[in-house]
Amino acid sequence: MTAIILNSPFYQMIDRLTQTYRAVLVQIARDLDEEQQKELQFLCTGLVPRRVKDILTLFHSLEEATKMSWVDVAFLKECLHDLGREDLVAKLTAFEIKRDVSILLNFYVKKRNGLHSFYQSSATNAAEYLVQLMEGFQGRVDVREMLRSSGKNTKDLWLHFVKECTPQSQRMTWGKFSMLVAIAGEIIAVSSSHSRQSPPEEAIEMCITLANELCYLMLKLGCWEDFCTYVKKRYNQVYHGHDDIGCSSPSLSFRRQIADVVQELEEAIFF
């Protein structure tokens, strides 16, 4: 992943993600005992000045040495793994997922609202696949009407889809998870479609909020790479293996609408 973002409104998201990244670093610094801090400094020998005051200063020095940043925490994860602190490695993994899903949703929203981005990563590639899958879907996914008729806000509407996709008797799958990511993008895109910006601050906040929710679901399934592999596979199967990927359904009650959309998407795309 590269740190070069050419769309200036996106810097709002960078600021939020950087803030989250630094909060994780503070948590890690607090969780390392004195001996582990010394061991971490030893692992960084030759990369930073010999004498650093504390772990946060060490992190800053590693950033200056381009060994870590909000877009790349691989080196720090490797060091923490060497220290046997898999719990702290997990914190960084969770941050990576939240970061990538936030970027995915931001890119998805811009694509659906006819905006463009010069930034490319595994997150934007996955978003591109999901956008094309949803654009090719012939069923009834009227998110705008659902928002209007239900009186729900964006997060509440999305949580209704989560509930429909994850009944107690069924397990989460990559198909259902990918569907929830796409639906999150659709809901945010609709709620921000009135803005000519890319996307407005409220939409960026919602991207991050729903990314946090999606992170916990993804951690139960596997890793970011597994998700990207699944989405690309589904895209190839749908566009290279099927002529018709959907069918229409009648407009029913709000709860039935949710169920119908989930069923149609699951049968047509995310199975």
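Here are a few notes on the helices of this predicted model.

1. Start with the pairing of α1 (residues 11-31) and α5 (residues 86-112). Their axes come within 10 Å and cross at roughly 175 degrees. Anything over 145 degrees counts as roughly antiparallel, and the two helices are therefore roughly antiparallel to each other.

2. Who touches whom there? On the α1 side you'll find M13, L17, T20, Y21, V24, Q27, I28 and D31, and they meet L88, K91, L92, F95, R99, S102, I103 and N106 of α5. Sorted by class, this contact has nine nonpolar, four polar and three charged residues. If you look at the spacing, keep in mind that an α-helix has 3.6 residues a turn, so residues three or four places apart point the same way.

3. At its start, a side-chain oxygen of D54 comes to within 3.3 Å of the backbone nitrogen of L56. After the helix comes T66, with a positive phi near 55 degrees.

4. Last, α6 (residues 122-136). At the start of α6, a side-chain oxygen of S121 reaches to within 3.2 Å of the backbone nitrogen of A123. A123 is itself buried, as are T124, A126, A127, L130, V131, L133, M134 and G136.

Methods
Residues numbered from 1 in each chain as written. Predicted model: local features only at pLDDT ≥ 70, side-chain atom pairs only at ≥ 80, totals over all residues. Heavy atoms only, no water. Axes fitted to C-alpha atoms, helices over the stretch in contact; angles between N-to-C directions. Helix = DSSP H or I, 4+ residues; strand = E, 2+ residues; numbered from the N terminus. Parallel < 35°, antiparallel > 145°, perpendicular 65-115°, else oblique. Contact = heavy atoms within 4.5 Å. Nonpolar A, V, L, I, M, F, W, Y, C, P; charged D, E, K, R; others polar. Buried < 20%, exposed > 50% of the residue type's maximum accessible area, 1.4 Å probe, protein only. Polar contact = N/O pair within 3.5 Å; in protein donor to acceptor, adjacent residues only side chain to side chain.
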